[in-house]
Amino acid sequence: MPDTLERLQQFVQRYIVDPGDEDEAMRNASTEGNFDGAAALIIPNDRLGPRERLDIYRDQYLARMEEALENDFPGVCHFVSHHTWHALVKGYVTVWPSCSYNLNHLSEHFVEYLSQAPGLHRLGFLTELARLEWALCEVFEEAVDPVLTPAEAAKIPPEAWATARLIPVSALRLVAFQYPVSEWLATIDDPDHNHPPTKRRSTWVVAVRHNFRMARYPLTRARYDLLKALVEGVPLADAMIRISRRKEVREGDVFAWFQEWVAAGMFSRVEVA
Amino acid sequence: MQNRFGLPDLGLGLGLRTQHYEHILAKRPAIGFFEIISENFMESRGRPMHVLERVLERYPVVMHGVSLSIGSTDPLNFDYLRKLKALAARINAPWVSDHLCWTGVAGRNVHDLLPVPLSEDALKHVVARIKTVQDFLERPLIVENPSSYVQFTSDEMPEWEFINRMCEDANCGLLLDVNNIYVSAFNHGFDANEYIDAIPVDRIVYHHLAGHTHKKTHILDTHSDHVVDGVWDLYARITARTGGRPTMVEWDEDVPEFKVVHAEIMKAKKFREAAAKRKEAAYA
């Protein structure tokens, strides 16, 4: 491998990705590639100098990272100021740069990074919002499974339900939050910026992809607990007994919930013992 | 003249983009082929692969990559190549292309198509890697000429000479992006016609056309607009030499509705027909 080519590439990459200002980036790149500044490597033209030409790539790099992360975390991007988003992305890709051929992997550590980001206003809310948005990304990317239809569920003999286990589709995520982040996310396109309060309050959400459409449903605590038990493989009868002891659950509720969930495409199949 | 690899003339094509999925599946537009971004489907388990499988029922689909990084000094990524080869086999891709560029070193990917210096050393490096990739994929690699914003002090030859020698020494195909020639000609001050006239036509497997953004001091290859007249002029010039090759329009930013992109690629038809007529007349 040609040594000068290797050093040139180290220089160019370092300058493009360096989080410092242009002067600092150039110093770091020159040291890393062992070159005496951009003029040693880049030819000027009659409109742009060597560093200005390289700046085209540097500017595009951060813009591309911002765009990729905004695609996955539109709510977080909307919540913070433009300046904060820019700094957040720059900090993130410095700690967690893309090392994959697929830009879709860039966001994998964003929730973790955000949860420890210093100086961010409403960090608790923002982290929960990011957690919801990442769950939605995962649901979007998950495999296509067969879906249990209401007609198929109706064919299962009543006595078999006692020990039946419901297998969820891969494209389902069940998440508990300490803030009303799903309600807030639903309003990010509101032209009047009417957002619900962001005060701390427990909320529960299930996100699912059905027929290639994304959906998310708010849950009560009781619904969440039942669905969580089912997703974890607890037989239906056991899960229903657990939940039916709660005073807020009325007779017939559980059956109605189950019908809604099957219709929403949340289960792939029923395993009967 | 056919390309030397015997790869088919698929006519006029478009990039398969998510914004157009529903239109394509519902309306089944008249188009010769679709091009996918390989990386978007190499790990796809959801809707993109489902849509691709339905598109494949009606259209040939060619693969165009953005992360092979053939010019990088990092080792080739064989995990990536295995997935690329598997996808090509799965969709029966007529051909697989990527760019003459590097996308990162030291294990990183900056997700940009960074130019290689036009030097003897770089040429040797790129040729060796193309040969390895072709051996692994068991098919010719179709390499796209880049658009670029810098020229290096280590450049030793014009880009068209680098391209010609790369194709010859590695025995690879060429995806001639006409817009990239236009963009780089402005950015670097060379004569685009000289470039077009120097390209060996039997290496050209297909063409890309695209719109760009003129920033006054430089042109950015943004794929965000209609193809400009200057690019159509260059396309007419190369088509007169080749007699017509498969051609597609790339539109990746500010993507308009399908009919706009479709109308754009159909503009290429008249150039291909004119070239075909000239060819017929020459044989008459």
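**Figure 1. Chain A in outline.** Among contacts in chain A between residues at least 6 apart in sequence, 64% link residues at least 24 apart. Two residues are in contact if their C-beta atoms, placed from the backbone, lie within 7 Å. The model is predicted: local features need pLDDT of at least 70, side-chain atom pairs count only at pLDDT 80 or more, and totals for chains, interfaces and linings use all residues. Residues are numbered from 1 along each chain as its sequence is written, while chains are lettered from A and ligands numbered from 1 in the order in which they are written. Chain A holds twelve helices and five strands. Helices (H or I, at least four residues) and strands (E, at least two) are DSSP runs, numbered from the N terminus. The radius of gyration of chain A is 25 Å, well over the 19 Å that the globule rule gives for 273 residues, so chain A is more spread out than a compact globule. This radius is taken over C-alpha atoms, and the rule is 2.2 Å times the number of residues to the power 0.38. The C-alpha trace of chain A spans about 80 × 45 × 30 Å along its principal axes. Of the 273 residues, 33% count as buried. Buried means 20 or more other C-beta atoms within 10 Å of the residue's own, exposed means 12 or fewer, and partly exposed lies in between, with C-beta atoms placed from the backbone.

**Figure 2. Chain B in outline.** Chain B has ten helices and ten strands. Its radius of gyration is 18 Å, close to the 19 Å that the globule rule gives for 284 residues, so chain B is as compact as a globular protein of that length. Its C-alpha atoms fill a box of roughly 50 × 50 × 40 Å, taken along the principal axes. Buried residues make up 48% of the 284.

**Figure 3. The contact between chains A and B.** Chain B contributes 35 residues and chain A 39 residues. On the side of chain B that touches chain A, α2 (47–56) and α4 (120–137) of chain B each supply at least two residues. The largest share, three residues, comes from α4(B). By class, this side of chain B has ten nonpolar, 18 polar and seven charged residues. Ala, Val, Leu, Ile, Met, Phe, Trp, Tyr, Cys and Pro count as nonpolar, Asp, Glu, Lys and Arg as charged, and the others, Gly among them, as polar.

**Figure 4. A:R47 in its loop.** A:R47 sits in the loop between α2 (22–33) and α3 (50–72) of chain A. A:R47 is partly exposed, with 14 other C-beta atoms within 10 Å. Not counting residues up to four places away in sequence, A:R47 touches B:T217 and B:H218.

**Figure 5. Helices α3(B) and α4(B).** The axes of α3 (residues 78–90) of chain B and α4(B) come within 10 Å and cross at roughly 50°. B:L81, B:K85 and B:A88 in α3(B) meet B:V133, B:F136 and B:L137 in α4(B). This contact has five nonpolar, no polar and one charged residues.

**Figure 6. Helix α6(B) and its surroundings.** Nine of the eleven residues of α6 (residues 178–188) of chain B are buried, so α6(B) is largely enclosed by the rest of the structure. Among them are B:V178, B:I181 and B:Y182. The buried residues pack against α5 (159–170), β6 (173–177), α7 (192–198), β7 (204–210), β9 (219–220) and α8 (229–242) of chain B. B:G189 follows α6(B), with a positive phi near 75°.

Notes: Axes are lines fitted to C-alpha atoms, for helices over the stretch in contact, and angles run from 0 to 180 degrees between N-to-C directions.
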